[in-house]
Amino acid sequence: MKVAIDGPAGAGKSVVARAAAKALGFIYVDTGALYRAIGLYALRKGVNPGDAEAVLPLLSEIKEELRFVDGEQRVILNEEDVSDVIRTEEVSAAASAVSAIPQVRAFLYHTQRDIAEKNDVIMDGRDIGTAILPDAELKIFMTAAPEARALRRVRQLAERGIQAKYEDVFAEIQKRDANDSSRAAAPLMQASDAVLFDNTEMTLEENIEKVKKMIQEAKCR
C-alpha cells in the first residue's frame, strides 16, 4: 500500500508519518532527506545549491541510498551516514534550492518509486501525491499555520541540541513556502484527490492517531 503525505515545511509530516509507519508496520520514507543530502554535498563542494549549471555536474559524483535500521530510515551519501548532519537550517535551505532543479528531481525519482513498489510505505515530501506516487491509495495534504510550524521547528532543533531563534526560523519557513510553491519543477500543491489535514490546533499524539485512522480506513476500502 502506498500512502503519500505532502505539505509545507514544519507541518509535522515526518514525525507523524514515522510514528504511524512504525505502529502500522509500514516503511517510512522521508524523501526530503534525499534532497537534503544533495544540498549538503553542494555546500561541501562550495557550490551555490540554486545554481543548476554548478549543481548538475555533481550528480555524477553522488551515490545515495536509503537504509532502514530497525524501521528507521538512514540516509547514506557516498557510503557516509549523513542522517543527522542534514538537519541544520543551512542544509534545509540548500535542499529547497536543489529541489527546484528538474534534473535533480529526475535523478531521485526512481529511488523513491522503487521503494514504494516493493514495500508498504508512508512517503512524505512536497510532490509525492502529484508526481512520485500519483497512484497512492491514500493522499494527505498536511498543513498548519506558519507560526505553529515555526515554533515546532524551533523545538525540534532544540531536541537535537541546535539553538535557533524563532524569528529566523519563521522567516526561513515563509521563504521556503514561497520557493516550494512557485518553482517550475513539481511545485508544492495539494493533489486533487488528497485529503486536506490542517493540524494547527492538534497535539502530536492527536496528529498521529488521525493519520493512523485515515490509513486504516483506506485499507478497508
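The model is predicted, and local features were taken only at pLDDT of at least 70 and side-chain atom pairs only at pLDDT 80 or more, while totals for chains, interfaces and linings use all residues. Residues are numbered from 1 along each chain as its sequence is written, and side-chain values use heavy atoms, with hydrogens and water left out. Helices (H or I, at least four residues) and strands (E, at least two) are DSSP runs, numbered from the N terminus.

Two packed helices are described by the angle between their axes and the distance between the axes. Axes are lines fitted to C-alpha atoms, for helices over the stretch in contact, and angles run from 0 to 180 degrees between N-to-C directions. Angles under 35 degrees count as roughly parallel, over 145 as roughly antiparallel, 65 to 115 as roughly perpendicular, and the rest as oblique.

Helix H1 (residues 13-24) packs against helix H9 (residues 204-220) at an angle of about 55°, and the two axes are 9 Å apart. H1 is therefore oblique to H9. The crossing of H1 and H9 is right-handed; a crossing is given this name if the near helix is turned clockwise from the far one by less than a right angle, and is left-handed if anticlockwise. Contact (heavy atoms within 4.5 Å) involves Val15, Val16, Ala19, Ala20, Ala23 and Leu24 of H1, and Leu204, Asn207, Ile208, Val211, Lys212, Ile215 and Gln216 of H9. By class, ten of these residues are nonpolar, two are polar and one is charged. In this classification Ala, Val, Leu, Ile, Met, Phe, Trp, Tyr, Cys and Pro count as nonpolar, Asp, Glu, Lys and Arg as charged, and the others, Gly among them, as polar.

Helix H4 (residues 89-98) packs with H2 at an angle of about 105°, with the axes 7 Å apart. H2 and H4 are therefore roughly perpendicular to each other. On the H2 side the contact consists of Tyr35, Arg36, Ile38, Gly39, Leu40 and Leu43, and on the H4 side of Glu90, Val91, Ser92, Ala94, Ala95 and Val98. Eight of the residues in this contact are nonpolar, two are polar and two are charged.

H4 also packs with H8, where the axes come within 10 Å and cross at roughly 15°. This angle makes H4 roughly parallel to H8. The crossing of H4 and H8 is left-handed. Glu89, Ser92, Ala93, Ala95 and Ser96 of H4 meet Glu172, Arg176, Asn179 and Asp180 of H8. The contact of H4 with H8 holds two nonpolar, three polar and four charged residues.

The structure holds 19 salt bridges, each defined as a side-chain nitrogen of Lys or Arg within 4 Å of a carboxyl oxygen of Asp or Glu. Within helix H8 (residues 166-182), Arg176 and Asp180 are four residues apart and so are separated by about one helical turn. Their side chains meet in a salt bridge with an N to O distance of 3.5 Å. Asp180 also forms a salt bridge with Arg183, in which the closest N and O atoms are 3.4 Å apart. Asp180 is buried, at 2% relative accessibility, and Arg183 is buried as well, at 8%. Buried means under 20% relative accessible area, exposed means over 50%, and partly exposed lies in between (1.4 Å probe, protein chains only).

Another salt bridge joins Glu61 and Lys45, at 3.8 Å from N to O. Glu61 lies in the loop between helix H3 (52-55) and strand E3 (64-69), and Lys45 in the loop between helix H2 (31-44) and H3, 16 residues apart. Glu61 is partly exposed at 37%, and Lys45 is partly exposed at 48%.

Pro187 lies in the loop between H8 and strand E8 (195-198), and is partly exposed at 22%. Not counting residues up to four places away in sequence, Pro187 touches Arg126, Asp180 and Ser181. Pro187 and Thr130 are 57 residues apart in sequence, and their C-alpha atoms are 9.3 Å apart in space.

Most residues other than glycine have a negative phi. Asn78, in the loop between strand E4 (72-77) and strand E5 (80-81), has a positive phi near 50°. Glu79, found in the loop between E4 and E5, has a positive phi near 70°. Asn78 is partly exposed at 30% relative accessibility, whereas Glu79 is exposed at 54%.
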